Amino acid sequence: GPKALVAEVLVGELARALGLPVPELVLVELDARFAAGEPHWEVKELLDRSPGTNLGVDFLPGALGFAPAVGPAPEPDLAAAFVWLAAFTLNVDRTPRNPNLLVWHRRLYGIDHGAALYMQHRWDDALGDPEHARRPFAQVRDHVLLPFAGSIVEADRRLAPQVTDGLLGHLVDALPAAWLDGEPAFASLDDHRAAFVDYLRARLAAPRAFVEEAERARTGA
């Protein structure tokens with residue numbers, strides 16, 4: 001649905017801006033007539049439901065799913081950066097059961113960010129609690145890359161200064177209006193866009209509980 005697409009684009013492009021390897025993401029306009037000649041009923045059903053703005057993800061030929069026991073082991077700084085991003089953006093979907101990571105040319109790539117930013121599924125709760133954005137992220141203890149990660153505190157020192165209001169505003173403004181329109185928690189589309197920037201800005205305000213939580217999970221302290 002639209003909320004998963006919003007998370008996919010916003011978090012994926014944030015990862016790219018921070019220098020993390022992710023496949024290219026593009027917006028694709030799908031004509032309603034596109035499905036007419038599709039013979040496979042399952043594919044046709046998807047196409048019938050998908051006219052309008054869709055998300056296209058670059059195909060990485062020959063890529064394999066990341067398996068911790070198989071390797072290659074990711075570099076500690078890169079693993080820490082992915083852990084930091086997941087904790088910052090509330091991504092619950094980076095567990096050993098469902099890593100959503102690919103290995104392509106022996107390099108780790110992050111995919112499928114749609115489970116992040118779960119506050120948007122209950123905006124009223126997030127907007128009604130001034131401390132909502134300040135909470136730690138306990139689920140980070142299940143992150144598949146945590147055993148490989150270097151210091152999350154050091155990752156925070158590298159990454160947090162790069163997440164400026166300008167960057168957040170640019171990423172949010174690029175989200176298609178059709179994916180954001182109709183949210184009852186907001187009086188206007190501009191208010192909806194501003195809520196993402198405000199929430200993530202508040203999440204970055206020091207001290208960052210999500211960084212402390214992630215570092216405790218990493219070290220077992």
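Visitor: Which helix gives the most to the lining of the largest cavity?
Guide: That is α3, which contributes four residues to the lining. Keep in mind that this is a predicted model.

Visitor: How many cavities of 30 Å³ or more are there?
Guide: The structure holds one. The largest cavity has a volume of about 40 Å³.

Visitor: Which residues line the largest cavity?
Guide: The lining is made of V11, F82, L85, A86, T89, N91, R94 and H113. Sorted by class, four of these are nonpolar, three are polar and one is charged.

Visitor: OK, the core then. How many residues are in the largest nonpolar core?
Guide: The largest nonpolar core has 61 residues. W84, L117, L145 and F196 have the most contacts inside this core.

Visitor: And which helix supplies the largest share of this core?
Guide: Helix α3, residues 76-89, supplies the largest share, with ten residues. As background, nonpolar side chains in soluble globular proteins tend to be buried together.

Visitor: What does F196 touch, leaving out residues up to four places away in sequence?
Guide: F196 touches V6, L10, L117, M119, Q120, W123, V172 and L180. One of these, L117, is also among the residues with the most contacts inside the largest nonpolar core.

Visitor: Switching to charges. How many salt bridges does a search of the whole structure find?
Guide: The search finds 15. In general, side chains of opposite charge can pair when their charged atoms come close.

Visitor: Which residue forms a salt bridge with R16?
Guide: The partner of R16 is E13, and their closest N and O atoms are 2.9 Å apart.

Visitor: Why does R16 count as partly exposed?
Guide: Because its relative accessibility is 31%, and partly exposed covers the range between the buried limit of under 20% and the exposed limit of over 50%.

Visitor: What about R135, which side chain does it meet in a salt bridge?
Guide: R135 meets D129, at 2.8 Å from N to O. R135 counts as partly exposed, at 40% relative accessibility. D129 also has a partly exposed label, at 25%.

Visitor: Where does D129 lie?
Guide: D129 lies in the loop between α4 and α5.

Visitor: Which residue forms a salt bridge with E213?
Guide: That is R141, and the closest N and O atoms of the pair are 2.9 Å apart. E213 lies in helix α9 (residues 209-219) and R141 in the loop between α4 (123-128) and α5 (152-159), so the pair ties together parts that are 72 residues apart in sequence.

Visitor: Is E213 buried or exposed?
Guide: E213 counts as buried, because its relative accessibility is 10%. R141 is exposed, with a relative accessible area of 52%. Salt bridges that share partners join R141, E213 and R216 into one network.

Visitor: Which residues of α9 are buried?
Guide: The buried residues of α9 are F210, V211, E213, A214 and E215. What covers them includes α3, α5 and α8 (189-204). Just after α9, G220 takes a positive phi of about 75 degrees.

Visitor: Now the loop between α8 and α9. Is R208 there buried or exposed?
Guide: R208 is buried, with a relative accessible area of 18%. Leaving aside neighbours within four places in sequence, R208 is in contact with D156, A160 and R203. R208 and R134 are 74 residues apart in sequence, and their C-alpha atoms are 7.2 Å apart in space.

Visitor: Which residues are joined by a cis peptide bond?
Guide: A206 and P207, with an omega of about -5 degrees. P207 lies in the loop between α8 and α9.

Notes. Residues numbered from 1 in each chain as written. Predicted model: local features only at pLDDT ≥ 70, side-chain atom pairs only at ≥ 80, totals over all residues. Heavy atoms only, no water. Core = buried A, V, L, I, M, F, W, Y, C linked by side-chain atoms within 4.5 Å. Buried < 20%, exposed > 50% of the residue type's maximum accessible area, 1.4 Å probe, protein only. Helix = DSSP H or I, 4+ residues; strand = E, 2+ residues; numbered from the N terminus. Contact = heavy atoms within 4.5 Å. 1 Å grid on protein atoms, 1.4 Å probe; cavity = no way out; pocket = protein on both sides within 12 Å on 5 of 7 lines; lining within 4 Å. Points joined across faces, edges and corners; volume = space filled by probe spheres on them. Nonpolar A, V, L, I, M, F, W, Y, C, P; charged D, E, K, R; others polar. Salt bridge = Lys/Arg side-chain N within 4 Å of Asp/Glu carboxyl O.
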